[in-house]
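Hi there,

Here is the structure I promised to pass on. Have a look at it first, and then read on for what turned up.

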Amino acid sequence: MPVLKREQARDLGDPSGLPKLPVPPLQQTLDMYLKCMSHLIPEEQFKKTKAIVEKFGAPGGMGEFLQKKLVERSEHKANWVYDYWLEDMYLSNRLALPVNSSPVMVFPKQNFTSHSDTLRFAAHLISGVLEYKSLIDGRALPVDYARGQLAGTPLCMDQYNKVFTSYRLPGAKMDTLVAQKSTVMPEPEHIIVACKNQFFVLDVVINFRRLNEKDLYTQLERIRKMADIEEERLPPIGLLTSDDRTQWAEARSVLIKDSTNRDSLDMIERCLCLVCLDEPSGTELTDTNRALLMLHGGGMDKNGGNRWYDKPMQFVIGADGCCGVVCEHSPFEGIVLVQCSEYLLRYMRGSPSKLVRAASMSELPAPRRLRWKCSPDIQAFLTASADKLQRLVKNLDMNVNKFTGYGKEFIKKQKMSPDAYIQVALQFTFYRCHGRLVPTYESASIRRFQEGRVDNIRSSTPEALAFVKAMANSSKITDAEKMELLWTAIKAQTNYTILAITGMAIDNHLLGLREIAKELKLEKPELFSDTTYATSIHFILSTSQVPTTEEMFCCYGPVVPNGYGACYNPQTDHIIFCLSSFRDSAETSSDLFVKTLEGCLKEMQDLCLKCNSESKPTDSTEKMAGNTKVMKNGSKS
């Protein structure tokens with residue numbers, strides 16, 4: 001499969017007339033960088049960094065030269081940062097995909113009473129998937145428009161075109177995001193069904209006709225029976241995809257020496273998606289446990305091998321009712337996962353199952369089991385992969401909490417942006433747990449621009465620090481003063497959000513300057529070898545708002561060993577928080593963070609109830625805070 005070219009990507013669906021991502025002014029970014037880090041590092045270190053930054057930005061200096069080259073790049077690229085960002089964020093990252101990279105959507109628990117129930121649900125869901133794919137293929141998906149600030153701006157739809165056509169190919173040093181070519185005569189389309197760690201090809205288009213739900217059910221039933229034949233069972237090859245990327249690339253290079261394995265890999269790499277029919281996990285299906293099972297399958301002894309992590313969409317259907325989607329994140333953002341998942345849940349609720357009425361195809365060719373030839377080397381890779389996955393399962397510390405004290409309705413009544421308010425609450429919580437603030441990542445959509453993905457809202461602002469310090473110093477500061485500091489923190493958060501969604505934040509710009517220096521084979525500028533820069537991109541708090549209109553929630557793991565993943569879903573009268581960390585870090589505890597967060601949210605509510613009638617913000621603050629809304633997409637728009 002060819003690598004997806006920039007030009008092809010544009011032809012596939014960028015609404016015409018979208019502007020290109022701007023290159024921010026150099027001095028603006030350097031000033032903002034210093035402001036973002038000044039309160040997060042020791043004073044002596046900051047003085048040193050300030051001198052380095054000033055030298056970099058001096059007239060006629062390295063910064064000006066690299067900025068000029070970046071502007072030139074922007075003139076002949078649809079999006080000057082896209083390739084740099086994709087490689088830095090995903091493709092060059094060597095960590096295993098489960099937990100570390102792949103977010104999941106957890107569906108409501110289903111009540112299956114038999115295998116037939118499970119397969120009916122699966123057949124219904126596959127029908128919905130095929131409907132959604134036909135909307136994408138027919139360019140019939142409605143264009144997304146921005147809400148809140150600059151409302152009404154059309155957003156780039158390019159990401160949707162990669163949902164069922166992409167594949168993340170492991171590489172020794174860097175992965176490749178590949179996509180199938182569009183052809184006039186498409187090949188018969190198929191999905192891969194994983195069942196009992198075995199993989200089966202399910203053709204969904206036969207003789208140019210899409211299988212109806214009854215046919216799909218028949219084929220799934222056949223797959224289930226084939227998977228039950230113990231003497232036919234093959235080793236759980238899917239485990240290899242759960243390993244770190246370099247190790248999996250090495251294992252794959254051994255696998256493809258055999259033609260049987262090459263054929264099987266080809267079928268998986270060209271499929272539309274995976275449907276994973278999981279065995280019962282044997283655990284109580286709380287929100288937290290369902291999140292854990294979706295993130296890693298429960299390890300080797302549960303459903304950890306019943307996956308193929310390189311494919312963008314894996315629909316998991318557990319016999320015990322644990323269902324959801326595992327998403328390989330490199331082709332698209334949270335909006336696509338949310339929109340697709342919501343479409344499927346609505347489809348399944350609104351279109352009754354057609355199992356009874358449909359006329360069946362007279363002769364359905366049997367689904368095919370994918371075969372593997374496993375050398376001793378592959379067996380050794382499998383053993384190592386299983387062991388590492390088991391360690392990851394034991395290490396992940398997850399807490400899914402439904403905060404019922406209040407939801408976004410209360411926050412809006414205070415004339416505040418729910419997202420900005422929750423971000424300040426997360427800073428307050430981190431400060432209370434750890435006595436400091438740290439560089440924080442909050443994803444912000446830049447889909448206003450051609451091929452736009454995300455930039456970062458740096459939520460640990462100096463203004464947030466002033467507020468959380470005041471809250472910790474209760475006796476010396478009046479409630480009215482605290483309220484004023486809260487408004488100031490929310491205004492700072494809102495201002496940074498606007499910068500980010502309009503292409504003026506600092507993270508992508510700094511990345512571009514760093515990467516273009518590397519591309520030109522220049523010595524690494526001191527700005528990027530300075531310890532402050534390393535600190536600035538070590539995101540101990542990695543956050544994202546993923547609002548949904550259906551009953552489901554999104555979660556992911558931390559991005560650094562001593563960090564937290566914090567995904568939240570604000571609803572009218574409650575907020576779902578999914579907090580993750582690693583048990584082997586002495587610095588973190590998901591349970592402690594969640595317990596502290598509940599207390600901080602309560603204190604902020606009490607402060608608002610006491611003061612908000614007498615401590616009104618200025619008109620501009622009120623307008624700004626009230627207007628920063630989010631698309632229902634998982635990143636600010």
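A residue is called buried when its relative accessible area is under 20%. By that cut-off, strand 12 (residues 396–403) is mostly covered, with 7 of its 8 residues buried. Please keep in mind that this is a predicted model.

Two of the pairings are worth a look. Strand 12 runs antiparallel to strand 18 (residues 575–582), and 8 bridges join them; here valine 400 stands opposite cysteine 578 of strand 18. Strand 15 (residues 541–545) and strand 17 (residues 564–570) run parallel and are joined by 5 bridges, with serine 542 opposite glycine 565 of strand 17.

Helix 6 (residues 115–137) packs with helix 7 (residues 213–228) at an angle of about 130°, their axes 9 Å apart, which makes helix 6 oblique to helix 7. Their crossing is right-handed. Among the residues making the contact are Leu119, Ala123 and Ile126 of helix 6 and Leu216, Tyr217 and Arg224 of helix 7. By class, this contact of helix 6 with helix 7 has 7 nonpolar, 4 polar and 4 charged residues.

Best wishes

Definitions and conventions:
Residues are numbered from 1 along each chain as its sequence is written. This is a predicted model: local features need pLDDT of at least 70, side-chain atom pairs count only at pLDDT 80 or more; totals for chains, interfaces and linings use all residues. Side-chain values use heavy atoms; hydrogens and water are left out. Axes are lines fitted to C-alpha atoms, for helices over the stretch in contact, and angles run from 0 to 180 degrees between N-to-C directions. Helices (H or I, at least four residues) and strands (E, at least two) are DSSP runs, numbered from the N terminus. Angles under 35 degrees count as roughly parallel, over 145 as roughly antiparallel, 65 to 115 as roughly perpendicular and the rest as oblique. A crossing is left-handed if the near helix is turned anticlockwise from the far one by less than a right angle, and right-handed if clockwise. Contact means heavy atoms within 4.5 Å. Ala, Val, Leu, Ile, Met, Phe, Trp, Tyr, Cys and Pro count as nonpolar, Asp, Glu, Lys and Arg as charged, and the others, Gly among them, as polar. Buried means under 20% relative accessible area, exposed over 50%, partly exposed in between (1.4 Å probe, protein chains only). Two strands pair if DSSP finds at least two bridges between them.
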